[in-house]
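Here are a few friendly notes to read alongside the model. Keep the structure open as you go through the points.

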Amino acid sequence: MIEHVAIIGAGFSGTLQAINLLRHEGPRATLIERAPVAGLGLAYGAAHPSHVLNVRAANMSAFPDDPSHFVRWLEARGVENAATAFIPRVTYGEYLRELLDAALLAHPDRLTLVRDAVEDLDFADGVTVRLKGGAVEADAAVLAVGNLPPHDPPGLDPEKLSFERYKGDPWGASVPEGLGPDDTVLIIGTGLTMVDLALMLDAHGFEGRIVALSRRGLLPRPHAAGTDFAKIAERPATIASQLLRSVRERGEAIGWRNAVDELRPFTQGMWGNASEAERARFLRHLRPWWDVHRHRLAPEVHARLSAMLDRGQLEVIAGKTLGFVEKPEGIEVTLRRRGTDAAETMTVQRIVNCTGPLGDLNRTEEPLLQKLAASGMIRPDAAHLGIDVDNQGQTINAAGQPNGNLYALGPMTRGAFWEIVAVPDIRTQTWSVARRLSNAHWVGGEGL
């Protein structure tokens with residue numbers, strides 16, 4: 001019987017896991033976080049005041065059984081038209097932190113917050129979480145490590161570039177420091193992280209040139225006002241070519257946003273039922289297009305980004321980098337634009353890696369995950385998107401067997417669920433895992 005759960009990571013996933021264990025009257029929990037502040041994670045802890053949520057507040061409740069919870073929280077603080085608003089991410093961080101603080105205050109005997117770094121897990125008798133400054137004994141552990149840092153771009157050796165010139169962490173406080181009006185910043189990646197960084201540089205008063213580069217040069221699309229339409233009732237086929245054709249046809253009939261949005265109830269099931277070959281085809285050919293249409297920008301964010309493009313402050317290039325050489329005046333970058341064979345060079349004063357989080361366990365530099373993978377307790381999923389788990393969130397060991405006392409949550413379970421990076425999906429996952437750890441999943445006949 002599980003009486004105590006250790007949760008490793010107190011970002012969005014870990015915080016909600018702890019709170020949901022309390023709400024289900026489940027086992028007591030110890031929430032472990034190495035960062036100075038718990039309850040925020042990377043998405044909300046490193047946010048600039050200019051960054052807003054990419055989802056309307058109506059879809060951002062922390063609880064799947066109480067969908068208007070966040071809206072009521074906002075309305076109680078005087079926010080008008082809260083349901084349709086795109087709220088600042090720092091505000092959402094305050095919401096999460098308030099939930100955690102309230103849970104800690106109300107249940108001091110059932111929830112403990114430990115600020116320390118986890119160095120290893122021992123499964124000889126239950127789970128022993130070995131910390132830098134001690135140990136925690138538990139019956140089960142939950143890995144809620146969030147997104148891992150991006151890998152360095154091909155051909156870039158960070159040891160050959162100075163810290164002043166190359167920023168491998170796009171959320172670091174030093175990213176905008178020391179830049180002048182004649183400087184050029186190269187952002188590698190053109191997704192949501194690039195948008196955040198470009199807007200942050202603009203908010204800091206940077207007047208120089210920003211160049212954003214990715215293989216296809218695709219930018220996230222904007223949200224728009226919703227329209228009524230008849231949604232599909234059955235899960236579409238999981239053959240990538242058929243899916244692309246059907247989404248295009250639906251897009252012509254009801255608009256591309258609606259065609260993408262109506263897939264939301266089915267995407268996890270579609271991914272789970274697709275073959276490894278079809279998943280690989282999707283990742284190789286369709287993923288960039290899916291990402292820019294599925295993960296959209298708030299209209300006001302899109303307007304600010306468009307203004308930067310229109311005035312020439314921001315340039316987007318489709319291409320690939322070939323080499324990097326640091327010189328006194330900056331980093332000389334050799335690149336080749338998409339569709340050409342000719343290489344060209346540009347000198348930039350700063351490079352920022354915004355290629356997005358990657359979760360390949362074979363390349364991670366996260367010590368705990370390296371140790372767990374080396375011991376065979378966890379393994380990469382087939383697509384190398386993260387940690388292999390079953391449909392209950394139990395990690396899979398090297399022998400292909402589920403670990404009944406080691407779970408994983410959030411973006412690192414993308415290989416099993418694909419759509420598991422946004423609040424609506426993660427809140428459902430944490431809710432479900434908490435129900436299982438609390439034996440509440442038997443209520444209502446779910447276990448029969």
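1. Which residues in α5 meet which residues in α10? On the α5 side they are Val195, Ala198, Leu199 and Asp202, and their partners in α10 are Val301, Arg304, Leu305 and Met308. Sorted by class, this contact has 6 nonpolar and 2 charged residues, with no polar ones. Do bear in mind that this is a predicted model.

2. Now for the geometry of that pair. Helix α5 covers residues 192-203 and helix α10 covers residues 299-310; their axes lie 11 Å apart at an angle of about 70 degrees. Angles of 65 to 115 degrees count as roughly perpendicular, so α5 is roughly perpendicular to α10. The crossing of α5 and α10 is left-handed.

3. A second pair to look at is α1 (residues 12-23) with α13 (residues 423-437), where the axes are 8 Å apart and the angle is about 40 degrees. The two helices are therefore oblique to each other, and their crossing is right-handed.

4. At this second contact, α1 contributes Phe12, Ser13, Leu16, Gln17, Asn20, Leu21 and Arg23. From α13, the residues they meet include Val423, Ile426, Trp431 and Leu437. The contact of α1 with α13 comprises 9 nonpolar, 4 polar and 2 charged residues.

5. Finally, a check on α4, residues 89-106. Buried residues in α4 include Arg89, Tyr92, Tyr95, Leu99 and Ala103.

Key
Residues are numbered from 1 along each chain as its sequence is written. This is a predicted model: local features need pLDDT of at least 70, side-chain atom pairs count only at pLDDT 80 or more; totals for chains, interfaces and linings use all residues. Side-chain values use heavy atoms; hydrogens and water are left out. Buried means under 20% relative accessible area, exposed over 50%, partly exposed in between (1.4 Å probe, protein chains only). Helices (H or I, at least four residues) and strands (E, at least two) are DSSP runs, numbered from the N terminus. Axes are lines fitted to C-alpha atoms, for helices over the stretch in contact, and angles run from 0 to 180 degrees between N-to-C directions. Angles under 35 degrees count as roughly parallel, over 145 as roughly antiparallel, 65 to 115 as roughly perpendicular and the rest as oblique. A crossing is left-handed if the near helix is turned anticlockwise from the far one by less than a right angle, and right-handed if clockwise. Contact means heavy atoms within 4.5 Å. Ala, Val, Leu, Ile, Met, Phe, Trp, Tyr, Cys and Pro count as nonpolar, Asp, Glu, Lys and Arg as charged, and the others, Gly among them, as polar.
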